[in-house]
Amino acid sequence: MVTSILHRGTGIVLVLGSLLLACGLMSLAAGPEQWSGFSGFARSPLGFLILFGWSWSLAFHLVNGIRHLLQDAGLGFSIDSFVRNSWISVFGSLVLTALVWVVAMTQWGGA
Amino acid sequence: MKVNDNLRTPLKRARGLGSAKDGTGHFIDQRITAIALVFLTLYVVGLVVWLIGADYATVRATVAQPWNAILLVAFLVASFWHAKLGLQVIVEDYVHTPWLAAVSQLAVIFVCALAGLASVLAVIRISLGA
């Protein structure tokens with residue numbers, strides 16, 4: 001039940017994130033000045049907070065979404081596996097988020 | 001008992017609220033875009049992480065690469081379509097005031113369509129160097 005609400009909540013966050021992505025692409029198309037405004041915002045403390053929340057929302061919606069697709073195929077409906085898979089969604093998304101940030105920070109440090 | 005104040009029978013009115021002839025369409029579209037997005041999301045996240053720290057010219061040139069542009073457009077179309085379908089269900093489930101529900105549904109469609117078109121146009125401008 002919690003994962004169902006989280007799926008919707010993260011879905012809404014991802015819509016907002018997609019609107020930011022649209023802004024980012026438009027600023028990239030517009031020119032270097034607009035782009036530096038956008039990337040400067042992404043590097044600000046607020047930008048990091050948004051990126052972090054966005055990345056976890058994406059990871060959760062992705063992992064839990066795959067779970068939904070498997071459920072559509074009729075898998076994972078016993079109470080045991082349902083509860084276990086909920087935990088996989090929660091911890092799997094946290095691990096995935098951490099992984100992406102470790103790679104991202106390594107990339108940033110190397111650049 | 002309420003007097004039936006129009007000439008339609010209750011059964012006729014109930015039937016009027018029935019099938020819109022596209023019963024499973026929403027469900028199927030949501031799943032197709034979901035499956036596409038599993039792959040496209042991993043690709044786009046990879047692309048974004050790859051580009052961290054890169055300068056403007058590099059980011060622009062990378063997005064302009066044909067395969068990157070194609071997959072980005074596919075990601076954007078699938079994303080905003082999937083977003084429209086998901087938001088539609090959320091409005092259907094939680095907004096019960098008829099006029100507010102209608103306005104919300106219209107807003108969802110307009111925002112998703114506009115954001116989708118704007119971001120796809122941006123990728124086209126970048127890839128054509130305009």
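1. In chain A, residues 24 or more positions apart account for 67% of the contacts with a separation of 6 or more. The model is a predicted one. For chain B, 74% of the contacts between residues at least 6 apart in sequence join residues at least 24 apart.

2. Chain A contains four helices and zero strands, and its elements follow the pattern α-α-α-α along the sequence. Chain B has five helices and zero strands; from the N terminus on, the elements of chain B run α-α-α-α-α.

3. On overall dimensions, chain A has a radius of gyration of 17 Å, whereas a compact globule of 111 residues would have one near 13 Å. The C-alpha trace of chain A spans about 55 × 25 × 20 Å along its principal axes. Of the 111 residues in chain A, 26% are buried. In chain B, 17% of the 130 residues count as buried.

4. In chain A, helix H1 (residues 2-30) and helix H3 (residues 45-72) have axes that come within 9 Å and cross at roughly 130°. H1(A) is therefore oblique to H3(A), and the crossing of these two helices is left-handed. From H1(A), the contact takes in A:Thr3, A:Leu6, A:His7, A:Thr10, A:Gly11, A:Val13, A:Leu14 and A:Gly17. H3(A) supplies A:Gly53, A:Trp54, A:Ser57, A:Leu58, A:Phe60, A:His61 and A:Asn64. By class, this contact of H1(A) with H3(A) has six nonpolar and nine polar residues, with no charged residues.

5. A:Ser86 belongs to helix H4 (residues 79-110) of chain A. How many other C-beta atoms lie within 10 Å of A:Ser86? There are 18, so A:Ser86 is partly exposed; a residue counts as buried at 20 or more. The C-alpha atoms of A:Ser86 and A:Arg67 are separated by 8.8 Å, and these residues are 19 apart along the chain.

6. In chain B, the axes of helix H2 (residues 25-50) and helix H4 (residues 66-94) come within 8 Å and cross at roughly 140°. This angle makes H2(B) oblique to H4(B); the limit above which a pair counts as roughly antiparallel is 145 degrees. H2(B) passes H4(B) in a left-handed crossing. On the H2(B) side, the contact is made by B:His26, B:Asp29, B:Gln30, B:Thr33, B:Ala34, B:Ala36, B:Leu37, B:Leu40, B:Tyr43, B:Val44 and B:Leu47. On the H4(B) side, the residues are B:Asn68, B:Leu71, B:Leu72, B:Ala74, B:Phe75, B:Ala78, B:Ser79, B:Trp81, B:His82 and B:Leu85. The contact of H2(B) with H4(B) divides into 14 nonpolar residues, six polar and one charged.

7. A further helix pair in chain B is H3(B) with H5(B), whose axes come within 8 Å and cross at roughly 100°. The two helices are therefore roughly perpendicular to each other. B:Arg60, B:Val63 and B:Ala64 of H3(B) make the contact with B:Val123, B:Ile126 and B:Ser127 of H5(B). Four residues of the contact between H3(B) and H5(B) are nonpolar, one is polar and one is charged.

8. B:Val108 lies in helix H5 (residues 98-128) of chain B. Is B:Val108 buried or partly exposed? With 19 other C-beta atoms within 10 Å, B:Val108 is partly exposed. Apart from its neighbours within four places in sequence, B:Val108 is in contact with B:Lys84, B:Leu87, B:Gln88 and B:Val91. The C-alpha atoms of B:Val108 and B:Ala36 are separated by 21 Å, the two residues being 72 apart along the chain. B:Ala36 is one of the H2(B) residues in the contact with H4(B).

9. Between the chains, 27 residues of chain B are in contact with 25 residues of chain A. Which elements of chain B give two or more residues to the side that touches chain A? They are H2, helix H3 (56-64), H4 and H5 of chain B. By class, this side of chain B has 19 nonpolar, five polar and three charged residues.

Technical notes:
Residues numbered from 1 in each chain as written. Chains lettered and ligands numbered in written order. Predicted model: local features only at pLDDT ≥ 70, side-chain atom pairs only at ≥ 80, totals over all residues. Axes fitted to C-alpha atoms, helices over the stretch in contact; angles between N-to-C directions. Parallel < 35°, antiparallel > 145°, perpendicular 65-115°, else oblique. Left-handed = near helix turned anticlockwise from the far one by under 90°. Contact = placed C-beta atoms within 7 Å. Nonpolar A, V, L, I, M, F, W, Y, C, P; charged D, E, K, R; others polar. Buried ≥ 20, exposed ≤ 12 C-beta atoms within 10 Å, placed from the backbone. Rg over C-alpha atoms; globule rule 2.2 N^0.38 Å.
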